[in-house]
Amino acid sequence: MVEGRTWTSFPSIRTDLRDTGADVVDQDVVVDGNSITSRSPDDLTVFCDTIVASFTSNSTQEEVMA
């Protein structure tokens, strides 16, 4: 599921994600396809804003599920 994807995460699991093939970056939120990830509860505001924006976009169901 993570191989070839770009994700961010809490520091303690970054190595595990890298080991499974993810490209891990240190950003507050990362959107990669239908996946939205964030680093920590400190990023909750921007994470929630990003989720709301993705739900309210003009994307079709097929695009969201891709």
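# Salt bridges, a hairpin and model confidence

Trainee: How far apart are the closest N and O atoms in the salt bridge that Arg39 forms with Asp43?

Mentor: Residues are numbered from 1 along each chain as its sequence is written, and side-chain values use heavy atoms, with hydrogens and water left out. A salt bridge requires a side-chain nitrogen of Lys or Arg within 4 Å of a carboxyl oxygen of Asp or Glu. Between Arg39 and Asp43, the closest N and O atoms are separated by 2.9 Å.

Trainee: Is Asp43 buried or exposed?

Mentor: Buried means under 20% relative accessible area, exposed over 50%, and partly exposed in between, with a 1.4 Å probe and protein chains only. Arg39 has 25% relative accessibility and so counts as partly exposed. Asp43 has a relative accessible area of 8%, and therefore it is buried.

Trainee: How far apart are the closest N and O atoms of Asp26 and Arg39?

Mentor: Asp26, at 53% relative accessibility, counts as exposed. Asp26 and Arg39 form a salt bridge whose closest N and O atoms are 3.1 Å apart. This pair links distant parts of the chain, with Asp26 in the loop between β2 and β3 and Arg39 in the loop between β4 and α2, 13 residues apart. The closest N–O distance asked for is thus 3.1 Å.

Trainee: Which residue forms a salt bridge with Arg5?

Mentor: The closest N and O atoms of this pair, Arg5 and Asp32, are 3.7 Å apart. Arg5 lies in the segment before β1 (6-7) and its partner in strand β3, so the pair ties together parts that are 27 residues apart in sequence. The partner of Arg5 is Asp32.

Trainee: In β4, what is the bridge partner of Val29?

Mentor: Strands here are DSSP runs of E of at least two residues, helices are runs of H or I of at least four, and both are numbered from the N terminus. Two strands pair if DSSP finds at least two bridges between them, and β3 (residues 29-32) runs antiparallel to β4 (residues 35-38), joined by four bridges. The two strands form a hairpin with two residues between them, and Gly33 in the turn has a positive phi of about 65 degrees. The partner of Val29 in β4 is Ser38.

Trainee: Which helix among the elements of the chain has the lowest mean pLDDT?

Mentor: The mean pLDDT of the chain is 87, and 86% of its residues reach 70 or more. Where pLDDT is low, the predicted coordinates should not be read in detail. Strand β2 (residues 23-24) has the highest mean among the elements, 96, whereas the lowest, 52, belongs to residues 61-65, helix α3.

Key: This is a predicted model: local features need pLDDT of at least 70, side-chain atom pairs count only at pLDDT 80 or more; totals for chains, interfaces and linings use all residues. pLDDT is the predictor's confidence in each residue, from 0 to 100.
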